[in-house]
Amino acid sequence: MSELVADTSSLVSLGSVKDTDPDPLSQCLSAYDVLVPQEVVDELGELASYDDEHGHAATTVLDRSTEITTRSVTLNADFPLDDGENAAVTLANEIDASLLLCDEFNRLGLIHASLADTRLVTTPTLLSVFVRTGRLTPDDARMLLDEISTTRSWGANSYVQRARSLLEKS
């Protein structure tokens, strides 16, 4: 099974639609060996302390922590990302992961340039992969992307709009 390293934002995105069928977090955990750095677990724990949609999504992910491998990494103090993203990029490079799942849309170029041999994917891209591999129908992927977009306030995000338009052609 391929290794996928995830950052906090992407796991919150997947966890935000826990009551849907199909459940994209379950799809991800069954399709990949999911690894996270300790910093991501710490950020999820902090988010889970809030009584809002993002807090509930973080709790959903933490409830599945037995299915996720946590690793420690040494942060690059000069890397201009938050600790979770910094650690996720570092872990992806250290283990030569197949994929880095990250929803930091404002820094995708920097994150992409920081990866040695790991492919950067976002939640919208992961949903597209699930359509191509038969794990989701195009209708399910569009429904999930719409629900995640509402929770994550991605309505005006041009990257997400483009991903949605590609799903509509599927």
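**View 1. Thr118 is a buried residue, with 8% relative accessibility.** The model shown is predicted. Thr118 sits in the loop that runs between α6 (108-114) and β5 (119-121). Its side chain reaches the backbone oxygen of Ala97 at 2.8 Å. A polar atom of the Thr118 side chain also lies 3.4 Å from the backbone oxygen of Ala92. Leaving aside residues up to four places away in sequence, Thr118 touches Ala92, Asp96, Ala97, Ser98, Leu99 and Leu100.

**View 2. Helix α1 (residues 8-15) is mostly covered.** Eight of its eight residues are buried. Among them are Thr8, Leu11, Val12 and Gly15.

View 3. Asp139 is exposed, at 52% relative accessible area, whereas Arg142 is buried, at 19%.

**View 4. Asp146 pairs with Arg164 in a salt bridge.** The closest N and O atoms are 2.8 Å apart. Asp146 belongs to helix α8 and Arg164 to helix α9 (residues 158-168), so the pair ties together parts 18 residues apart in sequence. Asp146 is partly exposed, at 37% relative accessibility. Arg164 is buried, at 18%.

**View 5. Asp23, Arg64 and Glu67 are linked in a network of salt bridges.** Between Arg64 and Glu67, the closest N and O atoms are 2.6 Å apart. Glu67 is partly exposed, at 39% relative accessibility. The whole structure holds four salt bridges.

Terms used:
Residues numbered from 1 in each chain as written. Predicted model: local features only at pLDDT ≥ 70, side-chain atom pairs only at ≥ 80, totals over all residues. Heavy atoms only, no water. Helix = DSSP H or I, 4+ residues; strand = E, 2+ residues; numbered from the N terminus. Buried < 20%, exposed > 50% of the residue type's maximum accessible area, 1.4 Å probe, protein only. Polar contact = N/O pair within 3.5 Å; in protein donor to acceptor, adjacent residues only side chain to side chain. Contact = heavy atoms within 4.5 Å. Salt bridge = Lys/Arg side-chain N within 4 Å of Asp/Glu carboxyl O.
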